[in-house]
Amino acid sequence: MNAEIRIFDTTLRDGEQSPGCSMNLEEKLKVAAQLEALGVDIIEAGFAIASEGDFEAVQAVAKAADRAIIASLARASRADIERAAQALKPARRPRIHTFIATSPLHMRVKLGKSPEEVLEAIRESVTLARNLVEDVEWSAEDATRSDPDFLARAIETAIRAGASTINLPDTVGYATPETYGALFRDMLNRVPNADRAIFSTHCHNDLGLAVANTLAAVMAGARQVESTVNGIGERAGNAAVEEIAMALRVRHDVLPFTTRIVSTEITRASRLVSAVTGMQVQPNKAIVGANAFAHESGIHQDGMLKDSSTYEIMTPESVGQGQTTLVLGKHSGRAAFRDKLESLGFSLSDNEFLDAFRRFKDLADAKKQVFDEDIIALVDDEVLRGHDRIQVAEVEVYCGTTGKARAIVTLMVEGEEKMAATKGSGPVDALFRAIREIVPHPAAHLQLYQVSAVTAGTDAQAEVSVVLAEDGRTARGVGAHTDTLVASARAYVNALNKLIVKRGRSALAA
């Protein structure tokens, strides 16, 4: 029988303490509703005594919650505990979560209390909370730096006073998986009444070990984990709920535990929390990052096309991420490029494909990422026009604040290389003058010149549109390149090719 792990979410309390992550009441209610949809067992809605706003938020979430246990944090004081109980009155399943520090450093510096005074505070606070609600959780703040003998006495006291959940937080992210797991094993074995409570984890990520420490504690006997969406929280944040949930699901072979998490709601929860807090998820964030299911390496892409399990241990659909992305870039191979062309509706001959792939590699060297629009522009501009009678070979343009712009253009005209160097009032004018000198077309005039970016960013391909008009005939040409002037030359030549076709080959021969 697999043990069930309770998921305690503190996004609305500890997560909100992350600088700049404050949420208003409406936002907290939206997040709480999504947390219920996600399947978390306990929602820590806030710290009721912290402010009137926090009190109202705890009260509103308590009223709106349908299934989850709603908790409010409280220090080991009568005022805190009574305020928490008052805020939780509308809850179907209320929990008071009270805490006090147990490490020598915190007791001496922060509390100014002796160990015996702390034990008495635990006894009084937990007893009061238990008289107000049935479900009480007690936390030993800075448990990982506490004296084990004293911590065991504190836990025993809390359970005896009525706490049904015991949380041993790694408050400052000090623990390692080995030491944190050992702490739980030690306390579960040492405390006489340990079997009367569920032990919980609460890990901070100061050393990047929050999730690893959480899983180590689960293996050691913890049956509740405290976490936040996207891992937000104080300093470096908390253990991320999505990472814990998927680790338990994917590695069920070594972590034989279950949760109530609805994994397909993970991405929706992540994006909502990101939107309401303004804290963006880093692209390489596990599970929910933009790159979590993106592959650029040619070897990886080839494997993915054959069987996605070669490089994905879970599917993007399983966490609500949509579909796997084969990112086209300089590391991509032929298999991924051919697959992309087919998905875009292009059917190229072997020679056309090799030409397109070569040009794609050139483009990928110039850009960080190649998008679908880039591929469409590349194929349209390069491959499908490979048999045009006039083709752009080389373009050099010189311009600045002094003097006229100069352009040196080399075209292939019916297979023959021709070059011209001209000046103009600007770089585009100089460029088009050079083309006119190589292939004279005095009756045609430029009717439209338009530049737009195919994709975003400073490395985007520019797409240039040119319309040439001659004797009532018009021809539109389009060119794309990361260099706007090269794109301009290609667009003009493309329009010129079309114009020549329209008026007959005799003009070119002349």
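1. Strands β16 and β17 (residues 462-470) pair in the antiparallel sense over eight bridges. Two strands count as paired if DSSP finds at least two bridges between them. Helices (H or I, at least four residues) and strands (E, at least two) are DSSP runs, numbered from the N terminus. Within this pairing, Leu-448 stands opposite Val-467 in β17.

2. A remark on the basis of these points is in order. The model is predicted, so local features need pLDDT of at least 70 and side-chain atom pairs count only at pLDDT 80 or more, whereas totals for chains, interfaces and linings use all residues. Residues are numbered from 1 along each chain as its sequence is written, and side-chain values use heavy atoms, with hydrogens and water left out.

3. Contact here means heavy atoms within 4.5 Å.

4. Ser-103 lies in the loop between β5 (94-101) and α4 (104-111). Is this residue, Ser-103, buried or exposed? Ser-103 is buried, since its relative accessible area is 1%; buried means under 20% relative accessible area, exposed over 50%, and partly exposed in between (1.4 Å probe, protein chains only). A polar atom of the Ser-103 side chain lies 3.2 Å from the backbone nitrogen of His-106. Leaving aside neighbours within four places in sequence, Ser-103 is in contact with Glu-141, Asp-142, Arg-145 and Ser-146.

5. How many salt bridges does a search of the whole structure find? The search finds 27, a salt bridge being a side-chain nitrogen of Lys or Arg within 4 Å of a carboxyl oxygen of Asp or Glu. One of them joins Glu-52 to Arg-83, with the closest N and O atoms 3.0 Å apart. This pair links distant parts of the chain: Glu-52 is in helix α2 (residues 52-64) and Arg-83 in helix α3 (residues 78-87), 31 residues apart. Glu-52 is partly exposed at 45% relative accessibility, and Arg-83 is partly exposed at 23%.

6. An α-helix has 3.6 residues a turn, so residues three or four places apart point the same way. Glu-120 is partly exposed, with a relative accessible area of 32%, and Arg-123 is partly exposed at 38%.

7. Asp-149 and Arg-190 also form a salt bridge, with closest N and O atoms 2.3 Å apart. Asp-149 lies in helix α6 (residues 148-161) and Arg-190 in helix α7 (residues 177-190), so the pair ties together parts that are 41 residues apart in sequence. Asp-149 is partly exposed at 47% relative accessible area, as is Arg-190 at 36%. Elsewhere, Glu-4, Asp-41 and Arg-260 are linked in a network of salt bridges.

8. Why is α6 described as largely enclosed by the rest of the structure? The reason is that ten of its 14 residues are buried. Among them are Phe-150, Leu-151, Ile-155, Glu-156 and Ile-159. What covers the buried residues of α6 includes α4, α5, β6 (135-141), β7 (165-170), α7 and β8 (198-203). Just after α6, Gly-162 takes a positive phi of about 125°.

9. Phe-8 lies in strand β2 (residues 6-9) and is buried, with a relative accessible area of 0%. Phe-8 and Ser-200 are 192 residues apart in sequence, yet 8.8 Å apart in space, C-alpha to C-alpha. Not counting residues up to four places away in sequence, Phe-8 touches several residues, including Ile-42, Ala-71, His-97, Glu-137 and Val-225.

Definitions and conventions. Polar contact = N/O pair within 3.5 Å; in protein donor to acceptor, adjacent residues only side chain to side chain.
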